[in-house]
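Subject: The structure for you to look at

Hello! Here is the structure I promised to hand over, and my notes on what I found follow just below it. Please keep it open while you read, so that you can look up each residue as it comes along.

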Amino acid sequence: MVVTIDGPAGAGKSSAARTLAERLGFAFLDTGGMYRAVAFAALERGVELTDAEGLLRIAQGVAIESLDGRVVLDGLDVTRAVRTVRVTAATRHAADHPGVREHLVQMQRQTAEGRDLVTEGRDQSTVVFPDAQCKIFLTASERVRAERRFLDLSGRGERLSLDEVLRAQHQRDEEDFHRPTGGLIKAPDAIEVNTDGLSPEQVVERLMTLVSASR
Ligand code: C5P
């Protein structure tokens, strides 16, 4: 069984998807971690992010695993390294690249072979797993999403004001919603869950109910 969770940055997808996967006994695939890993590898190797061919070579030449909350790049744990503000801003170059997307989409489908999976990202319900049995679109208001991201970044020692987080998030929403391939749109058969005012536990309970109903 494949459960897809898509939605904008800060809606709480990662933590909800991870806990949901644990409760169901499914694997958890964080596809954002894969785009982040490509951008991180390019930055590390001094490849210009605007060099389309170089970026594709990087994506095709590295081994990326983004399962169960850990991002591993060529055998090295980069889970924290790919979540910095710098890598987050660079990731759009990997996400905007049709060739990189095609390659990562193939890897995502391979990951689902032979296992039950909860997968989260932007295009999981629409492009990668259009036949998934359970599709969820997780949202929250701009303000609530920015406040969550602000707390998360502060906890990791990144110094950004709430206003700066709001602006960066707005920019990322624009990019995510308007990307020609793999852009963020709600699949017609996805169920929307707004997480405003819900505790993480309440979100997971709601998702568990939706998964049970679609089994
Ligand atoms: O989910 P996360 O914030 O880690 O994703 C990082 C970036 O990767 C997003 O801003 C989005 O642009 C991109 N992404 C994507 N397609 C996915 C997952 C993430 O384009 N399936």
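Ala 27 is buried, because its relative accessible area is 14% and the buried class covers anything under 20%. You will find Ala 27 in strand β2, which is made of residues 27-30. If you then look for Asp 176, you have to go 149 residues along the sequence from Ala 27, and the two C-alpha atoms are 25 Å apart in space.

Before going on, please note that this is a predicted model. The mean pLDDT of the protein chain is 97, and 100% of its residues reach 70 or more. As for the overall scores, the ipTM is 0.99 and the pTM is 0.96.

Arg 57 sits in helix α3 (residues 52-61) and, with 56% relative accessibility, it counts as exposed. Between Arg 57 and Ser 125 there are 27 Å in space from C-alpha to C-alpha, with a separation of 68 residues in sequence. Thr 195 belongs to the loop between β8 (191-194) and α9 (200-213). Is Thr 195 buried or exposed? Thr 195 has a relative accessible area of 1%, so it is buried.

Now to the pockets. Rolling a probe the size of a water molecule over the atoms shows where empty space is left. The largest pocket holds about 1200 Å³ of space. Its lining has 48 residues, and those nearest the centre are Gly 10, Lys 13, Ser 14, Arg 83 and Glu 120. Which helix gives the largest share of this lining? That is helix α1 (residues 13-24), with six residues. Sorted by class, the lining of the largest pocket contains 20 charged, 17 polar and 11 nonpolar residues. Domain 1 (1-26 + 117-214) and domain 2 (29-115) each contribute at least three residues to the lining of the largest pocket.

The second largest pocket has a volume of about 270 Å³. It is lined by 15 residues, and Thr 88, Arg 149, Ala 168, Gln 169 and Arg 172 are the closest to its centre. Three helices, α4 (85-95), α7 (142-155) and α8 (162-178), each provide at least two residues of this lining, and α8 gives the most, with six. The classes here are seven nonpolar, four polar and four charged residues.

Under "binding site", an unreviewed entry in UniProt lists Gly 7, Pro 8, Ala 9, Gly 10, Ala 11, Gly 12, Lys 13, Ser 14 and Ser 15. From this set, Ala 9, Gly 10, Ala 11, Gly 12, Lys 13, Ser 14 and Ser 15 are found in the lining of the largest pocket. Ala 11 is in the loop between β1 (2-6) and α1, and it is buried, with a relative accessible area of 2%. UniProt also lists residues 3-211 for "domain: Cytidylate kinase", again in an unreviewed entry. That span is 53% helix and 16% strand, and its end C-alpha atoms lie 8 Å apart.

Last, here are two backbone angles to look up. Most residues other than glycine have a negative phi. Asp 68 is not a glycine, yet its phi is positive, at about 55°. This residue is in the loop between β3 (64-67) and β4 (70-73), and Asp 68 is partly exposed, with a relative accessible area of 44%. Asp 74 also has a positive phi, near 45°. Look for Asp 74 in the loop between β4 and β5 (76-77); at 43% relative accessibility, Asp 74 counts as partly exposed.

Happy exploring, and write back with any questions!

Terms used:
Residues numbered from 1 in each chain as written. Predicted model: local features only at pLDDT ≥ 70, side-chain atom pairs only at ≥ 80, totals over all residues. Heavy atoms only, no water. 1 Å grid on protein atoms, 1.4 Å probe; cavity = no way out; pocket = protein on both sides within 12 Å on 5 of 7 lines; lining within 4 Å. Points joined across faces, edges and corners; volume = space filled by probe spheres on them. Helix = DSSP H or I, 4+ residues; strand = E, 2+ residues; numbered from the N terminus. Nonpolar A, V, L, I, M, F, W, Y, C, P; charged D, E, K, R; others polar. Domains from an automatic or database assignment. pLDDT = per-residue confidence, 0-100. UniProt positions renumbered as here; feature names shortened; annotations may be inferred. Buried < 20%, exposed > 50% of the residue type's maximum accessible area, 1.4 Å probe, protein only.
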